[in-house]
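The tour below moves from one selection to the next and says what is to be found at each stop.

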Amino acid sequence: MRIACLAACLAVSLIGCDGSIDGGGGGGGPDAAANATAHEFCVAETNRYRSMNGRAAVQRSTELESFADTGAMIDFAGAPHDHFVQTSGGGISFAENECPHWGLQQQGGGDMQQLVAACIAAFYSEGPGGGHYENMLGDYGTLGCGIFQSGSDVTIIQDFGR
């Protein structure tokens, strides 16, 4: 509990009023308009891969999405999967995939949906036995995608639930 409180205090102290880590204008925290559409796209793209493999679709979960958005923000300032590990998945997430600090321009061509697609494609490209691949196609019923952006640097998280 103490670690979670310290992490939350650290995160709050690092975040500017506009939702960006650097406190400068143009940041795109989890509520940026492009990110809202990207959240929906993340679930749809994951379901596209699941469908190609005969797996049932996962449903978008706003509870998991909120958890993943917080995780993306905290992990952006820390290390991959910090939030998931420190909270034991918050009691709602049972698997997590993460693309930490991906460049919007370099890997997404400046488009958030393209960046999300590239991230998910990287998970899938691991193939059977790869942890991210197995999470994507695992026996889960819900998914929340988290996105945090500062400048052109983006962290994307998928949190899977029952």
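Begin by selecting strands β2 and β4 (residues 153-161), which run antiparallel and are joined by seven bridges; strands here are DSSP runs (E, at least two residues) and helices likewise (H or I, at least four), numbered from the N terminus, and two strands pair if DSSP finds at least two bridges between them. Within this pair, E98 stands opposite I157 in β4.

Before going further, note that this is a predicted model, in which local features need pLDDT of at least 70 and side-chain atom pairs count only at pLDDT 80 or more, whereas totals for chains, interfaces and linings use all residues. Residues are numbered from 1 along each chain as its sequence is written, and side-chain values use heavy atoms, with hydrogens and water left out.

Now widen the selection to the whole sheet, an open one of four strands in the order β1-β3-β4-β2 with mixed pairing. Because β1 (59-60) and β2 stand at the edges with a single partner strand each, one side of each has no neighbour in the sheet.

Select C42 and C145, joined with an S to S distance of 2.1 Å; C42 lies in helix α2 (residues 33-52) and C145 in strand β3 (residues 142-150), so the link ties together parts 103 residues apart in sequence. Both C42 and C145 are buried, meaning under 20% relative accessible area, with exposed over 50% and partly exposed in between (1.4 Å probe, protein chains only).

The other disulfide joins C99 to C119: C99 lies in strand β2 and C119 in helix α6 (residues 112-125), so parts 20 residues apart in sequence are tied together. With 100° about the S-S bond, this link is right-handed.

Finish at G103 in strand β2 (residues 95-103), which counts as buried because its relative accessibility is 11%. Leaving aside neighbours within four places in sequence, G103 is in contact with G108, L115 and S152.

How values were computed
Contact means heavy atoms within 4.5 Å. A disulfide is a pair of cysteine sulfur atoms within 2.5 Å.
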